Amino acid sequence: KKGMLDRAKKYAMIAGNNMYVQISMLASSLGLKVNRVKKDVKRMLRKGYYPEGFLDAGETTLMLSNDVFKQYEQTMKTADERRMEEAKNAALNDELLNEALSKLDPSMREEFAQMVGSGRDCISHLHSLNDDIPGESISRKLDSLEKTLMEIFRRLQEHPEQMNRMHKLMDYYLPTMIKLVEAYAEYDKVSNPGPDIISAKNEIEKTLDTINEAFVQLQNNLFRDSVWDVTTDAQVL
């Protein structure tokens, strides 16, 4: 019992103020096998050594307070909701894509499918880069870009006849945007950035604002024909 109590204290010390720690880190810190530590932790939890202790569903992380566990539950819930939404959007996009292809001349279907596929890849890569960049200001800009792009490609799949308006976006704006965000992500990893890096990051943020305005303008252009049709119908009525 004394040995178990001593190990429980060591586990808590390794967790520190974070009040959570990975089982693999405990094992590595004490020179023990992961399975041994996992069994040890389960036994301690059963015996009440950690009154507010929890082991996550995957049995990879020990949490030592209710607050940390609640944060973990909320994170998992948000992740599940996000995965469900992404799956729903993917299914919707596939349905829209197939419907769009059926409206096009066979000679244009391959180009259209490639255009939509490239757009999806770009949005996914942008989302991944955004996850890697912690700054709130830049994240808001990237969120806005992602939402606008998703709306553009959704609109394109609803009206594939608009694909001729997408070439400048595909050939220039998207590659330029991704290149700038990738550079920003690299600069953001520098622990002690000099004036040049700080200036470059500021310039990229300003340029992203300009690109976002261009995306919004393109989005409006894609809706313009339907707006005119609706306005005409309203006037006739």
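This is a predicted model: local features need pLDDT of at least 70, side-chain atom pairs count only at pLDDT 80 or more; totals for chains, interfaces and linings use all residues.
Residues are numbered from 1 along each chain as its sequence is written, and side-chain values use heavy atoms, with hydrogens and water left out.

The secondary structure comprises eight helices and three strands, taken as DSSP runs numbered from the N terminus (helices, H or I, at least four residues; strands, E, at least two). From the N terminus on, the order of the elements is α-β-α-α-β-β-α-α-α-α-α. The chain has 237 residues, of which 32% count as buried; buried denotes under 20% relative accessible area, exposed over 50%, and partly exposed the range in between (1.4 Å probe, protein chains only). The accessible surface amounts to about 14900 Å², and carbon and sulfur atoms contribute 52% of this area, as computed by the Shrake-Rupley method with a 1.4 Å probe, where for residues only the protein chains shown count as cover.

Eight salt bridges are present in the structure, each defined by a side-chain nitrogen of Lys or Arg within 4 Å of a carboxyl oxygen of Asp or Glu. In one of them, R43 pairs with D40, with 3.4 Å between the closest N and O atoms. The two residues are three positions apart in helix α3 (residues 34-46), a separation of about one helical turn. R43 is partly exposed at 31% relative accessibility, whereas D40 is buried at 1%.

A further salt bridge joins the side chains of K189 and E186 (3.5 Å, N to O). K189 is exposed, with 62% relative accessibility, and E186 is partly exposed, with 49%. K201 and D188 also form a salt bridge, their closest N and O atoms being 2.7 Å apart. Because K201 lies in helix α8 and D188 in helix α7 (residues 167-188), this pair ties together parts that are 13 residues apart in sequence. K201 is buried at 16% relative accessibility, while D188 is partly exposed at 25%. Salt bridges with shared partners also link R7, D40 and R43 into one network.

Helix α8 (residues 195-236) also contains N212, which is buried with a relative accessible area of 16%. The side chain of N212 makes a polar contact with that of S144 at 2.9 Å; such a contact is a pair of N or O atoms within 3.5 Å, where within protein one must be able to donate a hydrogen and the other to accept it, and residues adjacent in sequence count only if both atoms are side-chain atoms. Leaving aside residues up to four places away in sequence, N212 touches S144, L145 and T148.

How values were computed:
Contact means heavy atoms within 4.5 Å.
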